[in-house]
Amino acid sequence: MSPVKETPAESAGELLDDLTPEQLAAQWEEEKPPAAGPLANAATSLVVLGVGIGAVILSIAMGLGTPDKPQPGLWPFIISCVMVVLGLFQLIAGRHNRDAEAFTRMSTAPLTGLVTLAAMVALMPLIGFELPALVLCVIWMRFLGGETWRSTLVVSAAVVIAFYAIFVLALNTSIPHLF
């Protein structure tokens with residue numbers, strides 16, 4: 001009877017089980033990306049501050065209303081004000097932050113997510129939500145999340161079907177749809 005061979009993942013899992021918490025922390029410290037400097041921290045803070053200020057302006061243009069009769073811009077205004085405050089705080093106090101990571105290739109993932117979400121919003125009135133939502137799920141799961149093609153396709157289709165069932169069939173909302 002031949003011994004059962006372990007896969008690399010199983011042997012790596014056993015090696016991790018044998019490490020003490022201190023050894024594991026040291027290993028994580030060695031593997032983490034390089035730290036960002038004060039300039040990168042300031043630049044990131046300024047981007048958050050700029051987006052927050054832009055969102056404040058846009059939400060005011062939408063109309064705020066009053067707490068008892070809110071208009072569409074009230075909640076975006078509140079969230080935007082929080083962004084501005086956090087951006088200012090990070091700009092002042094965050095420059096000494098040593099935990100921030102330097103920008104790497106993976107730093108583009110949030111930008112990719114934002115661009116694909118904006119594309120979905122732009123396409124929904126033209127062709128409905130089904131196809132843009134399906135493409136969005138595929139991009140996010142396969143290319144940003146690294147999932148297998150099988151799980152990407154199954155979950156993406158299930159998400160679109162569930163959204164269709166909830167928002168079109170059950171709630172009868174006015175969301176643009178093809179079918």
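The chain holds 7 helices and 0 strands, where helices (H or I, at least four residues) and strands (E, at least two) are DSSP runs numbered from the N terminus. Read along the sequence, the pattern is α-α-α-α-α-α-α. This is a predicted model, in which local features need pLDDT of at least 70 and side-chain atom pairs count only at pLDDT 80 or more, while totals for chains, interfaces and linings use all residues. Residues are numbered from 1 along each chain as its sequence is written, and side-chain values use heavy atoms, with hydrogens and water left out.

Of the 179 residues in the chain, 19% are buried; buried means under 20% relative accessible area, exposed means over 50%, and partly exposed lies in between (1.4 Å probe, protein chains only). The accessible surface of the chain comes to about 13100 Å², and 73% of it belongs to carbon and sulfur atoms; such areas come from the Shrake-Rupley method with a 1.4 Å probe, and for residues only the protein chains shown count as cover. Among the contacts (heavy atoms within 4.5 Å) with a separation of 6 or more, 53% join residues 24 or more positions apart.

Two of the helices are set out below, with the expected span taken as 1.5 Å times one less than the number of residues.

| Helix | Length | Span, first to last C-alpha | Expected span |
|---|---|---|---|
| α3 | 25 residues | 36 Å | 36 Å |
| α7 | 22 residues | 30 Å | 32 Å |

Helix α3 covers residues 38–62, and its buried residues are Asn41, Ser45, Leu49, Gly52, Val56 and Ser59. An α-helix has 3.6 residues a turn, so residues three or four places apart point the same way. What covers the buried residues of α3 includes α4 (74–93). One example is Ser45, which is found in helix α3 and counts as buried because its relative accessible area is 1%. Leaving aside residues up to four places away in sequence, Ser45 touches Gly87, Gln90 and Leu91. Just after α3, Gly63 takes a positive phi of about 100 degrees.

In α7, the buried residues are Thr152, Ser156, Val160, Tyr164 and Val168, and what covers them includes α6. Helix α7 is followed by Asn172, whose phi is positive, near 55 degrees.

Some of these residues also belong to a nonpolar core, that is, a set of buried Ala, Val, Leu, Ile, Met, Phe, Trp, Tyr and Cys residues joined through side-chain atoms within 4.5 Å. The largest such core has 8 residues, namely Met120, Met124, Phe129, Ala133, Leu136, Val160, Tyr164 and Val168. The elements that give two or more residues to this core are α5 (108–127), α6 (130–144) and α7 (149–170), and α7 gives the most, with 3 residues. Val168 touches Phe129, Phe163, Thr173, Ile175 and His177, not counting residues up to four places away in sequence. In soluble globular proteins, nonpolar side chains tend to be buried together.

Nonpolar residues are also found on the surface, where Leu123, Leu126, Ile127, Leu131, Leu134, Leu178 and Phe179 form a patch with about 680 Å² of accessible area together. Patches are made of residues with over 30% relative accessible area and no salt bridge, with like charges joined within 9 Å and nonpolar side chains (Val, Leu, Ile, Met, Phe, Trp, Tyr) within 5 Å; a salt bridge is a side-chain nitrogen of Lys or Arg within 4 Å of a carboxyl oxygen of Asp or Glu. The elements that give two or more residues to the nonpolar patch are α5 and α6, and α5 gives the most, with 3 residues. Ile127 lies in helix α5 and is partly exposed, with a relative accessible area of 34%.
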